[in-house]
Amino acid sequence: MKVNEWCMYCGECAGVCPRSLIEVRETCLIFNENECKDCRICIQVCPVQALYKEE
Amino acid sequence: MSIKTDILVIGAGPAGSSAAKHAALNDAKVLMIDKKSEIGSPKRCAEGVSKEGLKALGIEPHCKWIAKELTGVKFISPNGTSVWLNEERVKLPEAGYILERKIFDKHMAMNAARAGVEIMVKTIATGLKRSEEGLIITAECMDQSFEINAKIVIAADGPESRVGRWAGLKTTLKPKNMESCAQFEMAGVEMEDSNSIEFYFGSVAPGGYAWIFPKGDDIANVGLGIITTQTDKTAYEHLLEFVSNCPSTQNAQPVELNIGGDPVGGMLKKLVTDNLVLVGDSASQVSPLTGGGIISAMKAGVFAGEVTAAAIKEGNYSQKRLKEYQDKCEEEMVKTFNKELKVKNYLLSLSDEELDSIAKAFKNTEFEKINTKEIIKVLIKVSPKALLKLGKIF
């Protein structure tokens, strides 16, 4: 998962991650990529489109 | 390094500070941690609270954190028809305030500190495991990693709560239950009455509504919440459209952008497990209709503080003992939240045209004189099918 520079670390992505794989720190997001099933719900809910998956 | 405490509160928002303060006032040793370097900042909220709510909590309004006292509310339908309830037209039972959350949250944390709570900022919980005595939370503060041994943890870590999940509680939200919000604080907002809050309904904010909450004569929080499953655009894109089209914001400029998720699906079914309780947004203690959650979070904080402190005195931190907290929250909130869910589903089922018809019908209504029967008559005319969703609310 890639995080654009304009991410504001609001944590909405972490709140909906069905596998609880996103850790929201004050100024960074940490993804547990190994467990990710690519559901992309985190991308869908981001209020500012800060997340994207590198194809 | 290892720290021992009776109660660890994770998250220093209104729910966490309220819980921490009331646990400390009831003689528990309390540590509260927050991942942010400044409590209350950045805000993720439209900052509205009811006067009644603050009064019920015994909190005296303070000029340092009250930005505006409200005397009216305006509902605006998609075509711009407005229904304005103000003190001239109807007796509003205790309106509300717009807070300055950055100051309010700090003020609440300071009160917790004065009650004896130890506070650590820039401190994040990174994991949880069980021990014979309670829970061990791994945490980080700057370059230090350490463990906190707590008999009870109060998880007040917001809608993105992971602490509850670590303890086995289901706190993950479905996107349909998470309002995606974006808001500008703006200067130069032209409001007809800077003491009234404004709600905009319809396709302007799919699944939610837009708002203008005044914070000064020409200063306001201008924002909206959407359900992302009902639109292809982001909350921010909807906000830009709203600001560009709304007559009140044509000459306004943003001074701050806030974003965040609001858990609007109703309170979670299970709030407690052995040695742990959830409070505030992490427990979805938010009005499903308005998205407001400051007062309910603080009320839950009081319950959580009192129940956990009593549990510490008794030496019983089991789920069964802590269930008293859940029972109190259910009694206080669930009935109201269920009613609000019905009203919300009703409002969201209406088309822009139907919302316009309702606004037109009520525009000049004398609300002091209208009764429930007459309201229903109007709503039946607009959409009998949609009205069924209100069920037995009246």
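**View 1. Seven strands of chain B make an open sheet.** Their order is β6-β5-β13-β14-β15-β12-β16, and the pairing is mixed. Strands here are DSSP runs (E, at least two residues; helices are H or I, at least four), numbered from the N terminus, and two strands pair if DSSP finds at least two bridges between them. In chain B, β6 (82–86) and β16 (253–263) stand at the edges with a single partner strand each, so one side of each has no neighbour in the sheet. On average, neighbouring strands of this sheet are turned by 15° against each other, direction ignored; axes are lines fitted to C-alpha atoms, for helices over the stretch in contact, with angles from 0 to 180 degrees between N-to-C directions.

**View 2. Strand β15 of chain B meets β12.** Here β12 (residues 178–187) and β15 (residues 219–227) of chain B run antiparallel, joined by nine bridges. Look for S180(B), whose bridge partner in β15(B) is I226(B), and for C181(B), which stands opposite G225(B).

View 3. Strand β14 (residues 210–214) of chain B pairs with β15(B) in the antiparallel sense, over five bridges. Within this pairing, P214(B) stands opposite A220(B).

**Notes.** Residues are numbered from 1 along each chain as its sequence is written, while chains are lettered from A and ligands numbered from 1 in the order in which they are written. In this predicted model, local features need pLDDT of at least 70 and side-chain atom pairs count only at pLDDT 80 or more, whereas totals for chains, interfaces and linings use all residues; side-chain values use heavy atoms, leaving out hydrogens and water.
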